[in-house]
Each structure stands twice: as structure tokens, then as C-alpha cells.
Amino acid sequence: MREMMHDGNGEEVGMDVLIDLEYSPIQEDGSAIELEFVEAVVKKAISMMDVPESSEVSVTFIDDDKMADLNEQYRSKSGPTDVLSFECDNLDDDFATDADEVYCLGDIVIAPDVAYKQSLEYGNTYKEELALLLVHGLLHLDGYDHIEDDEAQIMEDRQKEILSVLSSEISLA
């Protein structure tokens, strides 16, 4: 899915959101992943972040078994987690960004069943939980982290700010 954006000179700049529904269950309450919703959340969140307009991000939804494998492989933790992010190009590495070139922000991997269980546990809608995980993953790709308490607070504040704007512009019900 490619959306054309414009730079300050009125020139078109592309933003790609690549979505892979490798696993897309219908949840107990009938909730399902909607491609248009995922794309809208990612594009709005990215528009609020300090990343090149020509950014590309991929979002993949996988089952709990595959997520558990990735969680073990990359974080040395057993069992599935809700979201993992894999950074590609890094702005902190002084990566030159040319508006004509695609800037690969990275990959976000989400386990829909974990997201659904969390939505029930925390009293969110499924869409609210997916939006939270998408924004959380994007913030990691933008260099935010929550290992140290002060970093965690900064990331949490930014996440709340983006989610507040999203909830006013996109239906999370």
C-alpha cells in the first residue's frame, strides 16, 4: 500500500506501509484485523514522528508459536510477546536521506492472539490494543526505548500523545 505525500516544494514523496497478514484470526467477539485500520494508524503515527517522509515500514501478524520463536531468538525470553520491532536504517547512524530514496524504517511483528488477550485484560477494544502495539513498535523503530526508567517515561509520554491524536481521528471502537 503506497500513499503519496508531498515535501515542502510540492513534490510527491512516497510512504510505504507493507502489511502481511500471515496470521489473521477472527477473535471470540468477532474482531478481526482490518488492513485499512492498520495502514491508517501507521501512517498517522509516522506523520507525527521525526522520520523521513519517504519511510517504509512493514507490519506482520504472526501466530503465537512463531512469536515465541522470535522472542526466544532475539530476546532470550520464552513464550510469545505482543510486539517486536526490528530496526533497519538508523537515523542516529547519520544515514543520508534523499527524498527520492526509500528509507527503510524497519519491521513490526505482532501476535494478534496476545493482543486480543491483553485487550480483555486491560479493558481496551481490540483496535485500541492493536493501535497501542503499532505505535509502540514504531516508537522503537524511531529510537525510543524503555529499558531505563527515564527513557521509559519519555517513550510512554510520546506514546500517549500519539494515541490521543489517533483516537480523535481514527475510530478505535
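The model is predicted: local features need pLDDT of at least 70, side-chain atom pairs count only at pLDDT 80 or more, and totals for chains, interfaces and linings use all residues. Residues are numbered from 1 along each chain as its sequence is written, and side-chain values use heavy atoms, with hydrogens and water left out.

**Exercise 1. Determine where T60 is found and whether T60 is buried or exposed.**

Solution. 
Step 1. T60 is found in strand 3, which covers residues 55–61. Helices (H or I, at least four residues) and strands (E, at least two) are DSSP runs, numbered from the N terminus.
Step 2. T60 counts as buried because its relative accessibility is 17%. Buried means under 20% relative accessible area, exposed over 50%, and partly exposed in between (1.4 Å probe, protein chains only).
Step 3. Leaving out residues up to four places away in sequence, T60 touches D20, E22, I108, V109 and I110. Contact means heavy atoms within 4.5 Å.

**Exercise 2. Describe the pattern of the protein chain along the sequence.**

Solution. 
Step 1. The protein chain has 5 helices and 5 strands.
Step 2. Along the sequence, these elements follow the pattern β-β-α-β-α-β-β-α-α-α.
Step 3. The protein chain has 173 residues, of which 43% count as buried.
Step 4. Of the contacts between residues at least 6 apart in sequence, 63% join residues at least 24 apart.

**Exercise 3. Characterise N71 and S76 by place and accessibility.**

Solution. 
Step 1. N71 lies in helix 2, residues 64–75. With 3% relative accessibility, N71 counts as buried.
Step 2. The side chain of N71 makes a polar contact with the side chain of R75 at 2.8 Å. A polar contact is a pair of N or O atoms within 3.5 Å; within protein, one must be able to donate a hydrogen and the other to accept it, and residues adjacent in sequence count only if both atoms are side-chain atoms.
Step 3. Apart from its neighbours within four places in sequence, N71 is in contact with S76, K77, S78, G79, P80, T81 and L84.
Step 4. S76 is placed in the loop between helix 2 and strand 4 (83–87). S76 counts as exposed, at 61% relative accessibility.
Step 5. Most residues other than glycine have a negative phi. S76 is not a glycine, yet has a positive phi of about 55°.

**Exercise 4. Identify the residues that V165 touches, not counting residues up to four places away in sequence.**

Solution. 
Step 1. V165 lies in helix 5 and counts as partly exposed, at 24% relative accessibility.
Step 2. Under the stated condition, V165 touches K44 and M48.
Step 3. V165 and K44 are 121 residues apart along the chain, while their C-alpha atoms are separated by 8.7 Å.

**Exercise 5. Describe how helix 4 packs with helix 5 and with helix 1.**

Solution. 
Step 1. Two packed helices are described by the angle between their axes and the distance between the axes. Axes are lines fitted to C-alpha atoms, for helices over the stretch in contact, and angles run from 0 to 180 degrees between N-to-C directions.
Step 2. The axes of helix 4 (residues 126–141) and helix 5 (residues 149–169) come within 10 Å and cross at roughly 130°. Helix 4 is therefore oblique to helix 5. Angles under 35 degrees count as roughly parallel, over 145 as roughly antiparallel, 65 to 115 as roughly perpendicular and the rest as oblique.
Step 3. Helix 4 contributes A131, L132, V135, H136, L139 and H140 to this contact, and helix 5 contributes M155, R158, Q159, I162, L163 and L166. By class, the contact of helix 4 with helix 5 has 8 nonpolar, 3 polar and 1 charged residues. Here Ala, Val, Leu, Ile, Met, Phe, Trp, Tyr, Cys and Pro count as nonpolar, Asp, Glu, Lys and Arg as charged, and the others, Gly among them, as polar.
Step 4. Helix 1 (residues 35–47) and helix 4 pack at an angle of about 40°, with their axes 10 Å apart. This makes helix 1 oblique to helix 4.
Step 5. The contact joins F37, V38, V41, V42, A45 and I46 of helix 1 to K127, L130, A131, L134, V135 and L138 of helix 4. The residues of the contact of helix 1 with helix 4 comprise 11 nonpolar, no polar and 1 charged.
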